[in-house]
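Subject: Structure for you to look through

Hello,

Please find the structure below, with the sequence beside it. My notes on what was found follow after it.

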Amino acid sequence: MVSKFTKFIMGLILMLLVTFMIIFGLLIYDEIIKTDKISMVKDFVSNITTISDNNTEQEALTPEILDTSKENTNTEETQFSNGKCSRYFYNQLNEYSKMIYNAIYNNKENMKSGTYQIEIGKKVANLASNEDTKDLIFEYYNDAISAYSNDNPDVFYIDFSKVYYNIETTTIGNKKSYKVFLNEGKGTTYLSDEFSTVSRVNSAINEVEQIKKQIVQNKKENDYQNVKMVHDYLIDNAEYDQTLAKPNIRNIYGTLIEKSCVCEGYAEAFKYLLDALDIPCVIVSGTATNSQGETENHAWNYVKLENNWYAVDCTWDDPVIIGGGYIGNSSKYRYFLKGKEDMEKDHTTLGNFTQGGKEFEYPTLNNKSYKK
């Protein structure tokens, strides 16, 4: 007959055996789960692809794991209006291009780093899930960049040729998800070479804003006088660069600070200063034919005055005088506040800023030139 002590020992051994089997089972289960998770992560990493704006697909061999939880991914539509002025080209974009435009506009401060990554909204990303709509992202991206760069000459420190859109495709099992974001691509920065650090960007912005403050402080009694003031300021202080070799001749920094520019610099600076005075103004691109019959690419402005639009060409109102000399009023105001009948004799607008891009519309010029 088995003693009570023996039964106790056998019961204890049985309990220990059951406990050991339970622990062993849990360890085996945990290893199975870990293996499955590792397999899923490997599947995730091996299926990340990046599509650049030339629509070529490349495998991301060493993908960077990004924490975007704190990033400003705001693509909410912005109503661009401060009473008199509006973002003229923004208003002509479709909803997808507006999302891209808004993402850039709302992250302007972040983009001073030159490497900040901006995630675009889900509506744009959803286009990537369908082969029939995937290529449209490239078109909408180009339209947004064209509108943004022409509406916002103050962002002179970004080289938009270095800004790339990317599509990130993540595959887990049979499920795919997509993200579209903007970054510097394979480069090191999307800042222009002359403004390659945040401190340099801020310093340059402060310089041009000092000029803007001077203009605002000298604000005149009416819009006509203010338009004339800005026109005269540019002609008196900037010179047309004939070398075409200086780095900032196509932006407001070269025009206002280095005082050397080409037509794009004049046009962007004119808009930048009139925006500060709440006078509607747009940059116009096209061609112009000079007195020698030579036609070349050109940029100028349309400005709204007394409910009508007129053309102003600061570049051609600031002719290069060989040997120096004085610019008379007949030359200084030859292309100041001109109507359609006069301006279109030698200026032709082109609405597509990129080859094959969206055909943007310009304001309709008043038929007659402005008469004071």
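**What was found**

Of the contacts in the chain between residues at least 6 apart in sequence, 63% join residues at least 24 apart. Please keep in mind that this is a predicted model.

**The chain as a whole**

The secondary structure comes to 11 helices and 11 strands. The chain has 372 residues, and buried residues make up 43% of them. Its accessible surface is about 20,900 Å², and 51% of that area belongs to carbon and sulfur atoms.

**Two helices that pack together**

Two packed helices are described by the angle between their axes and the distance between the axes. Helix H7 covers residues 223–237 and helix H9 covers residues 263–276; their axes come within 10 Å and cross at roughly 140°. The crossing of H7 past H9 is right-handed.

Which residues meet where these helices pack? On the H7 side they are Asn226, Val227, Val230, His231, Tyr233 and Leu234, and on the H9 side Tyr266, Ala269, Phe270, Leu273 and Leu274.

**Tyr224, also in H7**

Tyr224 has its place in helix H7 as well. Is Tyr224 buried or exposed? Its relative accessible area is 14%, so it counts as buried, since buried means under 20%. Leaving out residues up to four places away in sequence, Tyr224 touches Leu305, Phe336, Leu337, Tyr370 and Lys372. Leu337 is 113 residues from Tyr224 in sequence, while the C-alpha atoms of the two are 9.5 Å apart in space.

**Salt bridges**

How many salt bridges does a search of the whole structure find? The search finds 13.

- Asp154 and Lys108: their side chains meet in a salt bridge, 3.1 Å from N to O. Asp154 lies in the loop between helix H5 (136–151) and strand E4 (164–172), and Lys108 in the loop between helix H2 (95–106) and strand E3 (118–119), so the pair ties together parts that are 46 residues apart in sequence. Asp154 is partly exposed at 25% relative accessibility, and Lys108 is partly exposed at 26%.
- Asp236 and Lys332: the closest N and O atoms of this salt bridge are 3.4 Å apart. Asp236 is in helix H7 and Lys332 in helix H10 (residues 329–332), so to speak of the pair is to speak of a link between distant parts of the chain, 96 residues apart. At 54% relative accessibility Asp236 is exposed, whereas Lys332 is buried at 13%.
- Lys134 and Glu131: here the closest N and O atoms are 3.9 Å apart. Lys134 is buried at 14% relative accessibility, but Glu131 is exposed at 60%.

**Two residues with positive phi**

Lys259 is not a glycine, yet its phi is positive, at about 60°. Where is Lys259? It lies in the loop between helix H8 (252–256) and strand E7 (260–261). With 34% relative accessibility, Lys259 counts as partly exposed.

Glu306 is another residue other than glycine with a positive phi, in this case near 55°. Glu306 is found in the loop between strand E9 (295–305) and strand E10 (308–312). Its relative accessibility is 56%, so Glu306 counts as exposed, the cut-off for exposed being over 50%.

**A nonpolar patch on the surface**

Leu14, Leu17, Phe20 and Met21 make a nonpolar surface patch of about 450 Å². Met21 has its place in helix H1, which runs over residues 4–46. Why does Met21 count as exposed? Its relative accessibility is 55%, and exposed means over 50%.

**Where to start**

H7 crosses H9 at roughly 140°. Tyr224 has its place in H7. Asp236, in H7, is linked to Lys332 in H10.

Regards

Note on methods
Residues numbered from 1 in each chain as written. Predicted model: local features only at pLDDT ≥ 70, side-chain atom pairs only at ≥ 80, totals over all residues. Heavy atoms only, no water. Patch = residues over 30% accessible without salt bridge, like charges linked within 9 Å, V, L, I, M, F, W, Y side chains within 5 Å. Areas by Shrake-Rupley, 256 points an atom, 1.4 Å probe, with all protein chains shown as cover. Salt bridge = Lys/Arg side-chain N within 4 Å of Asp/Glu carboxyl O. Helix = DSSP H or I, 4+ residues; strand = E, 2+ residues; numbered from the N terminus. Buried < 20%, exposed > 50% of the residue type's maximum accessible area, 1.4 Å probe, protein only. Contact = heavy atoms within 4.5 Å. Axes fitted to C-alpha atoms, helices over the stretch in contact; angles between N-to-C directions. Left-handed = near helix turned anticlockwise from the far one by under 90°.
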